[in-house]
Amino acid sequence: MERRVLTVAENRIVAARTHRLVLEGGGLPTVAPGQFVQLEVEGFYLRRPISVCDCSEDSITLIYKEVGEGTRSLASLAEGSCADLLLPLGTGYRLPLKPESVLLVGGGLGAAPLHLLCKALKEAGCSMRVVLGFNTAADIVLRDEYKALGVEPEIVTLDGSEGAKGLVTDLLSCCPSMDSSSACKQEGLSQEGSGAKAERFYTCGPLPMMRAVCGMLTIPGQASLEERMGCGAGFCYGCTIHTASGPARVCADGPVFDKEDIIWQ
Ligand SMILES: Cc1cc2nc3c(=O)[nH]c(=O)nc-3n(C[C@H](O)[C@H](O)[C@H](O)COP(=O)(O)OP(=O)(O)OC[C@H]3O[C@@H](n4cnc5c(N)ncnc54)[C@H](O)[C@@H]3O)c2cc1C
Ligand code: FES
C-alpha cells in the first residue's frame, strides 16, 4: 500500500449523480481488478473507499456516485487540484489459471471494478458475456468503455427505459448453468454469447442482486462485498464480517470473496 498525492485530470458527470474522476501521477503501483483506493475528503476524518475502474502507470480512473456529504465534497474537486489516496487496497478478483468462458454481472456502479476485470480477462484470453443492470437509462455508465474492450454489454433496466426491462437475473435465466434454458425460449432471449456456457462468474453490485446471482448460478463465482470502512487497510478490524471460513476483514481479506465463503445477511 502506498500513499500518493495525484493531480485531478478530470472530474465530470457521466450519469445521474455519477462522476468519472481521473487522477494522474507518475509511476503508480499496479492495481489488480477488484482492488480499491481510500480517498481523503477535505473536512472528513475517514477516507472514502472507491473501486478502481481503470489504471495505468500514470493514471487511475474512478467512478463514484454522490450519496452523502463525502462524495458530494469529492464532486467539487477541481481539475488541477490534488487528491490524496492510499492504494492499492484489498484482495481483488482471482483470474482463471487458463483462458475460460466467463460471465460478468454488474449492478449500478458494480460496473466499475468489473471494467478493470474485463480488461484483465481479455488480456488473459478469456471470452466474456457481460450483463449490467441499472435502475434507469440515466444511470447507465461505462457502456462505451466495455465496447472499447471488444465486449458488447447486455443492458437491463428496472424501468425498461433502455435495454431489457427487469433485473439482471432475468437475463441470467438463459444461462444453462442454472438448468433453465427453457426460460430463455419463453422470454425470447438470446442464448448466444460465451455466458451461455460460462465456466465461471464474477459479480459486483447491490447485495440483494449479488445474493440472487450467487444463488442461481451453479458455476464457481466471486462477489465483491461492501462494508463501512475505517482504516481500509486491515488494521482496525472495523469492517469484519462472518464468512464460512471464519471472521474476515472486507478491506484486506476481501472485498472479493468466493461465493461459497459468503454468509448472506
Ligand atoms: C470496497 C469498496 C468499494 C467501493 N467502490 C465504490 C465505487 O467504485 N463507486 C462508488 O460510488 N462507491 C463505492 N463504494 C461506496 C463508497 O465508499 C460510499 O458510497 C462512500 O464512502 C459514501 O461516502 P459519503 O460520505 O458520500 O456518504 P455517507 O454520508 O457516509 O453515507 C451516505 C449513504 O451511503 C451509505 N454508505 C456509505 N458508505 C458505504 C459503504 N462503504 N458501503 C455501503 N454503503 C455505504 C450510507 O449507509 C448512507 O446511506 C465502495 C465501498 C467499498 C467498501
Ligand atoms: S476498515 Fe480497518 S480493518 Fe477493514
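Residues are numbered from 1 along each chain as its sequence is written, and chains are lettered from A and ligands numbered from 1 in the order in which they are written. Because the model is predicted, local features need pLDDT of at least 70 and side-chain atom pairs count only at pLDDT 80 or more, while totals for chains, interfaces and linings use all residues.

The mean pLDDT (the predictor's confidence in each residue, from 0 to 100) of the chain is 92, and 91% of its residues reach 70 or more. Over residues 176-195, however, pLDDT stays under 50. Where pLDDT is low, the predicted coordinates should not be read in detail.

An automatic or database domain assignment provides the domain bounds. The table lists the domains of the chain.

| Domain | Residues |
|---|---|
| Domain 1 | 2-89 |
| Domain 2 | 101-223 |
| Domain 3 | 225-265 |

Helices (H or I, at least four residues) and strands (E, at least two) are DSSP runs, numbered from the N terminus.

Ligand 1 lies between domain 1 and domain 3, because both give residues to the shell around it. A residue is near a molecule or strand if its C-beta atom, placed from the backbone, lies within 6 Å of it. Of the 20 residues around ligand 1, Ser-51, Tyr-64, Gly-68, Gly-70 and Thr-71 come nearest. Strand 4 (48-51), strand 6 (59-65) and helix 1 (69-75) each supply at least two residues of this shell, and strand 4 gives the most, with four residues.

Helix 6 (residues 207-216) has Met-209, Met-210, Val-213 and Cys-214 as its buried residues. A residue is buried if 20 or more other C-beta atoms lie within 10 Å of its own, exposed if 12 or fewer, and partly exposed in between, with C-beta atoms placed from the backbone. Seen down the axis of helix 6, the buried residues fall within an arc of 125 degrees (taken from the directions from the helix axis to the C-beta atoms), so they line one face of the helix. On the other side of helix 6, Pro-208 and Gly-215 are exposed.

How values were computed:
Contact = placed C-beta atoms within 7 Å.
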